[in-house]
Amino acid sequence: MLAAHAPLLFRLSDQEIARHTPMMQQYLKLKRQYPDNLLFYRMGDFYEMFFDDAEKAARLLDITLTTRGQSAGLPIKMAGIPHQALENYLARLLRFGESVVVCEQSGDPSGKGPMDRVVSRVVTPGTLTDSGLMEERKDALLLALAFPEKMSADPGKARVGLAWLNLAGGTFTLAEIPASALPSALERIRPAEILVPDSWQDAVSALPAGVARARRPDWHFAFKNARLLLLNHFHAHSLAVFGAEHLTIAVSAAGALLQYAETTQASALPHIERLAVEEESDYLGMDVATRRNLEITETLRGQAAPTLCSLLDHCVTGMGGRLLRHVLHHPLRDPALPIARQGAVAALLESRAGGADAVRALLKGCADIERITGRIALKNARPRDLSALRDTLNDLPDVAAAVMSTLSDRESPCLAALTADLAVPPEALELLSRAIAEEPAAQLRDGGVIAPGFDAELDELRAIQNNCGAFLMELENRERARTGISSLKVEYNKVHGFYIEVTHANTDRVPGEYRRRQTLKNAERYITPELKSFEDKALSAQERALAREKALFEEVILALLAVLSPLKKCAGALAQLDLFAAFAQAARLHDWRCPEFSALPGLLIEKGRHPVVENEIKAAGGAFIANSLALHDARRMIVLTGPNMGGKSTVMRQTALIVLLAHIGSFVPASRAVIGPIDRIFTRIGASDDLASGRSTFMVEMTEASAILHQATERSLVLMDEIGRGTSTFDGLALAFAICRHLGEKNKSLALFATHYFELTRLAEDHPWAANAHLDAVEHNDRVVFLHALEEGPANQSYGIQVAALAGMPYAVLRAAKKELLRLEEKASENPLQPDLFSSHPRLFPASDTMETHPALDMLADLAPDKLSPKEALDALYALKNLL
């Protein structure tokens, strides 16, 4: 949620804060620095929240809210969490889109006044690097939006600037796009957190729901300030080296984003080494509705499976899984890279040396070095990050050898390039092998992180600790002999240190130099000068050893900063290799074939299948019916008819998914697919109302259809399903006819147009660019059997009553429907041409109207006011009358 302006309590002046208790003064001064974030204030074994923060945390985390005492006359509301449960509560708050500031105790607890406290972490949804808080197979992206000082009055010319950062992965991208394309861009990028200027309140309402948002001061988005910040970070004289000098709005967003990221991390970002400029034309265009309808990474119900991503995700590393999600939402328009990827997949499939299986087996042991590299750069890597990095670097030669074996059977420039990127940085591997223990502790504070033999001073301090056992055993035996107390024990605990324990029955035999340290129910514990001297030496050695380990570990991290670039290359190569192996596994499991790209416009699919539906049907023991279709210059549109549940929507979706899979470099579920130039995929499949925006189902349908008519080109693939069903029969038919003809004659797109208006099938008689096809079904014992086979020509009936019977409609309703259907069919047979259909239907054509004043003309013209003239709308209406 976008944080509202914090209450006045968190914006007090120094004089107003001075009226509070000393501890509340400290808290309020810290909170004033982070007014829009929850502040976790460490007090002993708990993190406490106060005032409004306490109320919010209690509500979101379902923890107890209490009131204790007063400060400046105000009751102090409190809520707290145990310090050891911090990570769990942070993860829950991040899922709610909240940002958290963690404040730790840092001073001497024995001093006067409240203990000193410092901010140790600022955790926001878009700046995560901690593996415990992140989803393994999903990037956490931070995005900033910037707007020109004066927005164009023409909506078609207004532009916005975007910049987004993958802090964990070290990528930084910017773009400038039309303002109208912002929803599609945000759906494609899918940020975890969005930054907007304070003054742009209108922009906030247009942002997607469920994404964390934060306002930043307007001056953070000032171009001159942003440009200077970027130049300093990249040590460049001009942003022209990145192709970004002219993108003033996007640069403004990038500067604000970089400043926010550096502030939250309290450090520089050395792994952000370049600025990438993204052009909208780089990718196959898909709007929000298309991504939703195709169920790429989420089902229509918002679930993670079954989707195209869940079907394809045979990746064995988190890096590969994240890259898969990225490419699915970024299909490339230029087929050059997809063709190269398909070559790599083919090489892995055809290899006699194990290919994909051998590669995947090796990759299973690889750590997520992309995120480990990010944590090294931010100096918050943990000991086991470094041991995992070391082990993975050790395995890279074997991975590269497996790839080279694959290339012995078939050439693949794409795979050959990856082997070069898999080169191990020798200095990094040598350092990690010497410095880090084989199995280090999880936390640096626990010790045992630095390997023996790496540092002589540390080895000496450890030797003192390791000799404790021998000394204590020798002292215990000596004291037993001297005192005659056979049950005497010399032991140690973390609370009282070293001690000699004697039972109460033997205390009268204790020597005079024994000094009592602790009294128990059945024994007394003592210390002697000799034992105290050893204790001081041993405990001092432990503390010094931990301090030395910490210093050495930090030196290792600093040394690794010099090899961030080759480590990032290794991570990228492993992710791509994992992706190709996953594509190969999917192709083998589901019998997919390599698609062909053609320079000629059109689309040919032979025996195509819907990948997700086919998998679900096979899992249930069934068989999917494959279908073929062809679109080309002389046949740019197929009017698709057939019964509900006959498979029209499935055929349309599988067509789009086959094109999508081809453009990400995967094989496709078809025996053959030839794909001409495609710039965008549009879908208008299914609809629901948008209550939040006050739009009906029909309005949503018309809005989506209008967007398609405005944007589709000759190279677009358009899928439209049952246009016009949300209004009266004649209005809907008029609109469907006009939209269909406009797509064929004006947009000239490759289109599948599914409809239950059988009148539209007559378009093929007058327009050579249109053809009819249908999904077949037959009746058997008053039941309909869906054949799911795509055949040429129009359907002969819709089987609506039979489908209603399958849905369990009451028999009385079905009987009444059949009777009414017979009556209507008899009436139609009496006058098959229905010459006065228009004049006999007052809703469509009132008697007082002429064709030139018919109200449907307004609806037709509104669909594409810049493309459909009044005369064209009138022609469409006349043509519709002739059809009927």
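Which residue in strand 11 is the bridge partner of Glu193? In this predicted model, the partner of Glu193 is Ala212. Strand 10 (residues 193-197) and strand 11 run parallel and are joined by five bridges. Both belong to an open sheet of six strands with mixed pairing, in the order 11-10-7-8-9-12. Strand 11 (212-216) and strand 12 (276-277) are found at the edges; each has a single partner strand, so one side of each lacks a neighbour in the sheet.

Two helices lie across this sheet. Helix 8 (residues 248-265) lies across strands 7, 8, 9, 10 and 11, running at about 35° to strand 8.

Turning to the aromatic side chains, the model holds 10 aromatic pairs. In one of them, the ring centres of Phe471 and Phe534 are 4.0 Å apart with planes at 15°, so this pair is stacked. The pair links distant parts of the chain, with Phe471 in helix 19 (residues 468-483) and Phe534 in helix 20 (residues 529-560), 63 residues apart. Phe534 is buried, at a relative accessible area of 13%. Together with Tyr492 and Phe498, Phe471 and Phe534 form one aromatic cluster.

The rings of Tyr514 and Tyr526 have centres 5.7 Å apart and planes at 50°, so they make a tilted pair. Both Tyr514 and Tyr526 are buried.

Arginines also meet aromatic rings here: Arg42 lies over the face of Tyr47, 5.3 Å from the ring centre, and Arg525 lies over the face of Tyr499, at 4.2 Å.

Methods. Residues are numbered from 1 along each chain as its sequence is written. This is a predicted model: local features need pLDDT of at least 70, side-chain atom pairs count only at pLDDT 80 or more; totals for chains, interfaces and linings use all residues. Side-chain values use heavy atoms; hydrogens and water are left out. Two strands pair if DSSP finds at least two bridges between them. Helices (H or I, at least four residues) and strands (E, at least two) are DSSP runs, numbered from the N terminus. Contact means heavy atoms within 4.5 Å. Axes are lines fitted to C-alpha atoms, for helices over the stretch in contact, and angles run from 0 to 180 degrees between N-to-C directions. Rings of Phe, Tyr and Trp (its six-membered ring) pair if their centres lie within 6.5 Å; planes under 30 degrees apart count as stacked, over 60 as edge-to-face and the rest as tilted. Buried means under 20% relative accessible area, exposed over 50%, partly exposed in between (1.4 Å probe, protein chains only). A charge sits over a ring if NZ of Lys or CZ of Arg is within 6 Å of the ring centre and within 35 degrees of the ring normal.
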